[in-house]
Amino acid sequence: DAAAYGTAVTGLIKSKEWKSENELVDAYAHSLRFVYTKRFHGKEMEHLLKKNLGSADVVSQVRSSMDYEITDLDHYYEFLGGLSRTVREESGKKAMILVSDSHEGVARTETAQRSIQRGIRSRLLNPRWQNGMLSHDYHGAQQFADKLENLVGLAATTGEVDNVLFENAAQDLIFNEELRQRLRSNNPHALREIMERFLEANQRGYWQTDQETIDKFKELYLQLEGDIENG
C-alpha cells in the first residue's frame, strides 16, 4: 500500500502469517521502493534499493535517547531488522549490525546482539520491571506480550537473538508458576499470546529446546486455552 506509513514487515510479524524470512525481505523492499530526487518524485525503483543494499557491509542504528531499548518498539525490527535481513539476502552475507547511543553527547557503539540482550534482561526478565507492569490491570501483561513479539521480530530479521534469551524467558514467564499465574490473573488473553509467541519461536527455529520442555509447555498452553473457553 503506497499510502501506508512504515513497512509491511510489522503486519507479517504480528499476524504470524509468513513462511520464510524472504517474505519479510520482500515486504521491506516493496514498502520502500519509491525514490525521491530532483528528477523523480515517488518513482518506483525497488531494484535500485536492492542493488545498493547488496554492497553494504555494516548496518547501523543511531539513537539519541535511552527511553526505549531496541526490544521495546516494533519499529526496530521493522527498520533496523528489515534493512539487515535485506542486506543479507541481496549480498549473500550477514552484515555487521551496530547500535550507537549518543544521548550523553558521546557516541557509544555496541553490537545488536548485546543491545538485544540488555533490552530483554533490563525489562522482560527484570523483577522490578515485571512488578511495575503487573501493577496495571490487563495492560501490564500485554506489555510482556509486546516484548515477545519484538523478540521474535528481531530474531527473524537480525539473527542476533541468543537462544538462551528465549530459554530464560520461558523458564521465568511460563515455567515459573507464580509469575505465570500473575500474568494469567492480569490478562489471560495476553498470556495466551505470550505462549503462542514462544511456540512460534520454537517452530521457526529461534528457540531450540528439548522435546520434554515443549511437551510440558504445550500442556500448560492447553490448560490455559480451556480456562479461557470456560470463562
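## Helix H10

Helix H10 covers residues 188–203. Its 16 residues reach 23 Å from first C-alpha to last, close to the 22 Å expected at 1.5 Å a residue. That expected span is 1.5 Å times one less than the number of residues. Helices are DSSP runs (H or I, at least four residues), numbered from the N terminus.

This is a predicted model: local features need pLDDT of at least 70, side-chain atom pairs count only at pLDDT 80 or more, and totals for chains, interfaces and linings use all residues. Residues are numbered from 1 along each chain as its sequence is written, and side-chain values use heavy atoms, without hydrogens and water.

## Ends and packing

Asn 187 caps the N-terminal end of H10. A side-chain oxygen of Asn 187 lies 3.1 Å from the backbone nitrogen of His 189. After H10 comes Gly 205, with a positive phi near 90°.

Buried residues of H10 include Leu 191, Ile 194, Phe 198 and Glu 200. Buried means under 20% relative accessible area (1.4 Å probe, protein chains only). The buried residues of H10 pack against helices H1, H7, H8, H9 and H11.

## Aromatic pairs

Rings of Phe, Tyr and Trp (its six-membered ring) pair if their centres lie within 6.5 Å; planes over 60 degrees apart count as edge-to-face. The count is 5 aromatic pairs. Trp 207 and Phe 217 are edge-to-face, because their ring centres are 5.7 Å apart and their planes at 65°. Trp 207 is in the loop between H10 and H11, and Phe 217 in helix H11, 10 residues apart. Both are buried. Ring pairs link Phe 175, Phe 198, Trp 207 and Phe 217 into a cluster.

Methods: Helices (H or I, at least four residues) and strands (E, at least two) are DSSP runs, numbered from the N terminus. Buried means under 20% relative accessible area, exposed over 50%, partly exposed in between (1.4 Å probe, protein chains only). Contact means heavy atoms within 4.5 Å. A polar contact is a pair of N or O atoms within 3.5 Å; within protein, one must be able to donate a hydrogen and the other to accept it, and residues adjacent in sequence count only if both atoms are side-chain atoms. Rings of Phe, Tyr and Trp (its six-membered ring) pair if their centres lie within 6.5 Å; planes under 30 degrees apart count as stacked, over 60 as edge-to-face and the rest as tilted.
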